[in-house]
Amino acid sequence: MQMFLDTFQAITWQMPVMWLIGGILIFLAIKYDMEPTLLLPMGFGAILVNLPMSGATEVIETLYNAGIANELFPLLLFIGIGAMIDFGPLLSNPKMLLIGAAAQFGIFFTLSMARLLGFDMIDAASIGIIGAADGPTSIVVANTLGTKYVGAIMVAAYSYMALVPIVQPPFIKLATTKKERLIRMPYNPGSVSKGLRILFPICVTIVAALAAPASAALVGFLMFGNLIRECGVLDSLSNTAQNVLANLITIFLGITVAFSMKGESFLLPETLMILGLGLVAFIADTVFGVFFVKFLNLFSKNKMNPMIGAAGISAFPMASRVVHKMGLKEDPQNFLLMHAAGANVAGQIASAIVGGLIIGLVL
């Protein structure tokens, strides 16, 4: 009885609030299928670390120090992501690299906004990287820079990735006309040789490491995963990376992220500001990507559907699916998936490189 009373007295006002937040994340994962592999363990972990006198907190802290503080989990996850990616659509249309790069505009815009709101450079840069729309990159940058808002940044990054199907469509519509959304883009893939598919990840790793040394680990692990996929002699390893490894790391990553969601450090006014700035970052990425395609169309004979610019963010593969579905809604015969996928994987590469650039510029 005394133990029960001691436990009850240890409950602070922040704990029930965090239970509610954890419950909301679980609800979104189950009810609306919003990135359930991430939001469900994240939500349950948020409840675990906010239980009074809970021994689970120590276990999660151990996992956090072993897998997130040293960036192990994000980098291993990048191997799995790389093994899932088919760079064929990008190699067939290299101009998608420009779209992927342009769609990172939200990172720098949000960094500037955060500075104007009073955050110091380290915190502002860490907040801005939410615009990478890439959870592992956000974790690596935030941890490397040493921001005190790691929890809020990770929650914002993964939550908005899950909300891409809700956040992007209204702003894509605002940034385009009906006529633009109806532009058809027949997919005529060029011949992408096996040699080119193998050389691409190797060359990207070298170029990225020379241009932004801090991005070498992020880009390198992503490209290593893709090389496993494309080499043709490691099918079993490729399947393991895509399924077993990616799923296992995602489980650990989701529940371990919750260590940064303790109520006393999470329920701060700055957290709300970071969540708001994260939304701004995603919107800016989306809109600027669309307008960049419009700009390219000024000089192109074969017009591109501006909606594919929104797929240039790194929320792979959700963003490309959103664009594809919007294209079909406007015209049931307009199949944009492969074009959007090309921009989407370009954004995956660009976000990792920009993450390295941000680290190099700030430190």
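Helices α5 and α16 pack with their axes 8 Å apart, at an angle of about 145 degrees. The model described here is a predicted one. The crossing formed by α5 and α16 is left-handed. On the α5 side, the contact is made by Phe73, Leu76, Leu77, Ile79, Gly80, Ala83 and Met84. On the α16 side, the residues that take part include Ser238, Ala241, Gln242, Leu245, Ala246 and Ile249, and also Thr250, Phe252, Leu253 and Thr256. By class, this contact of α5 with α16 comprises twelve nonpolar residues, five polar ones and no charged ones.

From α8, the contact draws on Phe105, Gly106, Ile107, Phe109, Thr110, Met113 and Ala114; from α18, it draws on Leu277, Val280, Ala281, Ala284, Asp285 and Phe288. Ten of the residues in the contact of α8 with α18 are nonpolar, two are polar and one is charged.

Attention now turns to the largest pocket. Its volume is about 900 Å³, and 35 residues line it. Glu35, Phe316, Pro317, Met318 and Arg321 are the lining residues that lie nearest the centre of the pocket. Elements that give two or more residues to the lining are α3 (36-48), α5 (72-84), α10 (135-145), α11 (150-162), α12 (164-175), α16 (235-257) and α19 (318-330). Helix α19 gives the most, with seven residues. The lining as a whole divides into 21 nonpolar, six polar and eight charged residues.

| Residue | Helix | Relative accessibility |
|---|---|---|
| Ala124 | α9 (residues 121-128) | 0% |
| Gly263 | α17 (residues 263-266) | 1% |
| Thr271 | α18 | 6% |

Ala124 counts as buried because its relative accessibility is 0%, and buried means under 20%. Leaving aside residues up to four places away in sequence, Ala124 touches Leu111, Ala114, Arg115 and Phe119. One of these neighbours, Ala114, also belongs to the contact between α8 and α18. Leu277 of α18 takes part in that contact too. Ala124 and Leu277 are 153 residues apart in sequence, and their C-alpha atoms are 9.9 Å apart in space.

Gly263 is likewise buried, with a relative accessible area of 1%. Beyond residues up to four places away in sequence, Gly263 touches Gln14, Met18 and Asn50. Between Gly263 and Met338 there are 75 residues of separation along the chain, and a distance of 43 Å separates their C-alpha atoms.

With 6% relative accessibility, Thr271 counts as buried. When residues up to four places away in sequence are not counted, Thr271 touches Ala152 and Phe266.

Definitions and conventions:
Residues numbered from 1 in each chain as written. Predicted model: local features only at pLDDT ≥ 70, side-chain atom pairs only at ≥ 80, totals over all residues. Heavy atoms only, no water. Contact = heavy atoms within 4.5 Å. Helix = DSSP H or I, 4+ residues; strand = E, 2+ residues; numbered from the N terminus. Nonpolar A, V, L, I, M, F, W, Y, C, P; charged D, E, K, R; others polar. Buried < 20%, exposed > 50% of the residue type's maximum accessible area, 1.4 Å probe, protein only. 1 Å grid on protein atoms, 1.4 Å probe; cavity = no way out; pocket = protein on both sides within 12 Å on 5 of 7 lines; lining within 4 Å. Points joined across faces, edges and corners; volume = space filled by probe spheres on them. Axes fitted to C-alpha atoms, helices over the stretch in contact; angles between N-to-C directions. Left-handed = near helix turned anticlockwise from the far one by under 90°.
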